[in-house]
Amino acid sequence: MMKTNPGRFFEDYSLGQVLEHAVPRTVSGGERALYHALYPARHALYSSDAFAQACGLKAAPIDDLAAFHVVFGKTVPDVSLNAVANLGYAEGRWLAPVWPGDTLRSVSEVIGLKQNSNGKTGVVWVRTRGLNQHDAVVMEYCRWVMVRKKDADAPAPETVVPDLKTVLAPGDLVIPEGLDFTGYDFTLAGEPHRWGDYEIGETIDHVDGVTVEEAEHMLATRLWQNTAKVHFDLTFRPEGRLIYGGHVISMARALSFNGLANAQMIVGLNGGAHANPCFAGDTVKAWTEVLDKAETAAPGVGAIRLRLVATKGGEPFVLKGDDGRYSPEVLLDLDYWALMPL
């Protein structure tokens with residue numbers, strides 16, 4: 001009996017299969033400190049207990065993307081250990097804040113399968129839920145991954161491509177209980193711009209850039225206990241260790257503070273694509289397009305839909321060429337909902 005885990009290959013998945021992921025993780029203030037050391041993260045709601053309490057919460061939660069990375073990392077040994085690439089996201093929702101002291105675990109269900117025409121790989125769709133120690137679901141999202149086949153002659157499964165929402169409706173968003181921005185302190189938050197100051201179609205160049213270093217991305221990937229071989233083992237990707245896509249997401253989100261300091265909480269993930277690979281030495285920059293806005297039932301709280309684009313030093317506001325393909329400079333195209341004071 002094999003004692004080690006070689007990871008699942010495409011033919012090891014079946015529709016409706018439920019994957020209970022190992023190694024629950026108790027998060028602490030250490031997660032926040034390491035997250036803020038790895039990224040220039042400065043959103044006040046996640047930095048200050050006092051600021052969060054003034055906004056109606058009991059304390060500063062763990063950063064939304066830090067919680068996402070913990071939940072995501074649990075899934076890697078079962079979903080993407082033999083992945084060629086993580087292809088996209090949809091229907092992501094943050095359903096409850098994650099507090100220091102919470103213990104997170106992950107469960108995924110296979111919701112789609114499609115073998116690629118080359119017969120050597122296939123795409124697996126999963127819906128993942130992150131649960132806390134009370135078995136309450138704190139977040140959920142779908143993602144799809146291209147996975148190698150172990151045996152190219154293994155029969156292809158019936159193709160099932162799930163029908164996923166391209167955009168979450170404002171009514172799908174869950175506002176944290178007690179959140180109240182009516183007494184919001186714009187001075188402490190760092191910028192005066194509120195929900196009403198942003199126009200649909202507006203674009204924002206976040207100006208700053210960060211060059212990705214080999215050591216920091218490997219530290220981040222280990223922090224989230226992400227074991228995907230392409231991030232560590234050069235024999236799987238001789239041109240360089242692939243930077244974990246979540247590292248690029250968090251870097252771009254942190255860079256977006258300059259211009260969107262008051263987009264405090266991510267509550268919805270409509271879609272996302274890792275358009276081109278990122279390697280150590282690439283300089284990540286970011287720009288945003290405002291896609292939509294909506295009021296919410298929470299006092300003083302508006303929802304804003306944003307397209308966050310990370311590039312490797314490319315010109316801002318260039319996304320795709322005339323052929324419809326992403327520009328080679330684009331690393332990330334992320335569509336999300338955030339909460340902002342009205």
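Of the 342 residues of the protein chain, 55% count as buried, where buried means under 20% relative accessible area, exposed over 50% and partly exposed in between, with a 1.4 Å probe and protein chains only. The model is predicted: local features need pLDDT of at least 70, side-chain atom pairs count only at pLDDT 80 or more, and totals for chains, interfaces and linings use all residues. Residues are numbered from 1 along each chain as its sequence is written, and side-chain values use heavy atoms, with hydrogens and water left out.

The secondary structure of the chain comes to 8 helices and 11 strands. Helices (H or I, at least four residues) and strands (E, at least two) are DSSP runs, numbered from the N terminus. The radius of gyration is 20 Å, close to the 20 Å that the globule rule gives for 342 residues, so the chain is as compact as a globular protein of that length. The radius is taken over C-alpha atoms, and the rule is 2.2 Å times the number of residues to the power 0.38. Along the principal axes, the C-alpha atoms fill a box of roughly 60 × 50 × 40 Å. Among contacts between residues at least 6 apart in sequence, 79% join residues at least 24 apart. Contact means heavy atoms within 4.5 Å. The accessible surface comes to about 14,100 Å², and 52% of this area belongs to carbon and sulfur atoms. Accessible areas come from the Shrake-Rupley method with a 1.4 Å probe; for residues, only the protein chains shown count as cover.

On a 1 Å grid over the protein atoms alone, a cavity is a set of points where a 1.4 Å probe fits but cannot get out. A pocket is an open set with protein on both sides within 12 Å along at least five of seven lines, and lining residues have an atom within 4 Å of a point. Grid points are joined across faces, edges and corners, and a volume is the space filled by probe spheres set on the points.

The largest pocket holds about 430 Å³ of space. It is lined by 26 residues, and Ala85, Asn86, Leu242, Gly245 and His274 are the closest to its centre. Strand 3 (83-94), strand 6 (137-148) and helix 7 (245-255) are the elements that give two or more residues to this lining. Strand 3 supplies the largest share, 6 residues. By class, the lining divides into 16 nonpolar, 8 polar and 2 charged residues. Ala, Val, Leu, Ile, Met, Phe, Trp, Tyr, Cys and Pro count as nonpolar, Asp, Glu, Lys and Arg as charged, and the others, Gly among them, as polar.

The second largest pocket has about 150 Å³ of space. Its lining consists of Ala22, Val23, Gly73, Lys74, Pro77, Asp78, Gln225 and Thr227. Of these, 3 are nonpolar, 3 polar and 2 charged.

There are 3 cavities of 30 Å³ or more. The largest cavity has a volume of about 120 Å³. Its lining has 17 residues, with Tyr46, Trp94, Ala96, Pro97 and Met265 nearest the centre. Helix 4 (64-79) and strand 8 (265-274) each give two or more residues to the lining. The largest share, 3 residues, comes from strand 8. This lining has 15 nonpolar, no polar and 2 charged residues.

The second largest cavity has a volume of about 80 Å³. Its lining residues include Tyr46, Asp64, Ser250, Arg253 and Ala254. Helix 7 gives the largest share, 3 residues. The lining divides into 5 nonpolar, 2 polar and 4 charged residues. Helix 7 itself is mostly covered, with 11 of its 11 residues buried.

Asp64 lies in helix 4. Asp64 is buried, with a relative accessible area of 6%. Not counting residues up to four places away in sequence, Asp64 touches Tyr46, Trp94, Met139, Arg253, Gln264, Met265 and Ile266. Asp64 and Met265 are 201 residues apart along the chain, yet their C-alpha atoms are separated by 6.9 Å.

Asn132 sits in the loop between strand 5 (121-131) and strand 6. Asn132 counts as buried at 10% relative accessibility. Leaving aside neighbours within four places in sequence, Asn132 is in contact with Thr103, Leu104 and Val138.
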